[in-house]
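Open the model in your viewer and get ready to select a few pieces by residue number. We will go from stop to stop together.

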Amino acid sequence: MSAPSGPFGIYIHVPFCATRCGYCDFNTYTPSELGGANPDGWLAAVRVELELAAAQVGPRLVDTVFVGGGTPTMLGGDGLAAVLDAVREHFTLAPGAEVTTEANPESSTPALFARLRAAGYTRISLGMQSAAPHVLAVLDRVHSAGRAPAAALEARAEGFEHVNLDLIYGTPGETDDDLRRSIDVALSAGVDHVSAYALIVEDGTALARRVRRGELPAPDNDVLADRYELLDNRLSAGGLQWYEVSNWSAPGGECRHNLGYWDGGQWWGAGPGAHGFVDSTRWWNIKHPKAYAQALDERRLPVADSENLDEAARHTEDVMLRMRLRSGLPVAVLSPDERGRAEVAIGDGLVTRDADRLVLTDPGRLLADAVVRTLLD
C-alpha cells in the first residue's frame, strides 16, 4: 500500500454504548457484551494501530479526523483528548484540519464541550433523531426530547462554530407535525448542519423483530418521500441547503470528512470494525474489541478482510457517490453509453446539466439510487 494522494482522513471507531438503540445495527457493544474489553484497552490498541498505519502510508498530512461510534462521549473529555493526541503522535494534522466527534446528548455537558474545544476538536455531531418523546421511545433513545438541542446550544456556547444534529424520519407513529417540530427545534438551536435519514429496518435489530411480530408497521415509502420533501423545504427556508442527498448545511458548514468519502477521498479507518480505503485497497477490521486488541498486542494490523477495487469497481463507486452531491457528477467520467443514458434521465426530469456536471433535480433526489442504476445499466 503506497502513500495516497489528495485529501486524507482518519476515522476512529469507538464501539462502546451504554444501551443499544432498537434500530441500530452498528458495530457497538454494551458493557455486558464486551467480554473483558474496556476503553483503556481499546485506546492502547488504537494507538498501536495508528503507529502501524503511519508506517504503512508514510508521511502524510491529515485533513480530517472523525471519531464515531458507538458513543464516543462515553470516553469523557480526557479520553477523547487522548484519542486526538494518539493521532497527533503518529500523524501531522494539516493547518485548519477538521476534527469531529459524534456525541450523544445524554453523555454531553458544557464541561465536556469545553474540554474538547481545548483539545482541538472543531466540530460536534449530536444524535437528536426527533423532538417527539413517543418517537424517541420507539427508537429506544434514552435522552429527553429537549436534551439534544440544549446540548447543541451548549456546544456553540463553548466555541464550536460547526454543530450538526442528526434526525431520523419515518419512524412508526411519527406524524408530519412531529417532523415539523423536530426540524424547527433543530433550527432554533442555531446549528449549521443537519443530517436526516429515512428509518431503515435492519435485519437482526430489535426494531426488525417488532415489525416482524406486527407490533409496529414497516416504514411506508410514499410517506418517506413526503417527509423528505417536508425536510428539504423547511431546512431550506431555515437557511440550510442540501449538499448531499441526506445532508444540509449553512455555507461553509459542510462536513469535510464525509465529503471525502463521497468525493473519492482516502482514509484510514482505525478501531474495531472500522473500514479504510487507501489507493485501490479497501479493508475492514476485526469487529469485536477483544479480538481487535489481541491482534494489535501481536503488533499486526487487525484486518478481517480486504478487497482490491479494479477500474470498473472504482468507476461504479464514483458514479454512485458523486451523483448524490449537489456539486454533481462530472460528465467527463461517464462512458459514451452512460452519457446517452444520462440524457434519458435529463428528459425524465431526474437530472439536470449544470455546465459540465450532472446534478439531481428535486424529484431526482427521491430516486437517487434508481438514477445511478440507470446511468450504470
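Select residues 336–347 for helix H12 and 368–376 for helix H14: they pack at about 140°, with axes 7 Å apart. Axes are lines fitted to C-alpha atoms over the stretch in contact, and angles run from 0 to 180 degrees between N-to-C directions. Helices (H or I, at least four residues) and strands (E, at least two) are DSSP runs, numbered from the N terminus.

A note on what you are viewing: this is a predicted model, where local features need pLDDT of at least 70 and side-chain atom pairs pLDDT 80 or more, while totals for chains, interfaces and linings use all residues. Residues are numbered from 1 along each chain as its sequence is written, and side-chain values use heavy atoms, without hydrogens and water.

Now show side chains: Glu338, Arg341 and Ala342 of H12 meet Thr374, Leu375 and Leu376 of H14 (contact means heavy atoms within 4.5 Å).

Next, select strand S5 (residues 162–169) and strand S6 (residues 193–198), which run parallel and are joined by six bridges; strands pair if DSSP finds at least two bridges between them. Look for Leu165 opposite Val194 in S6.
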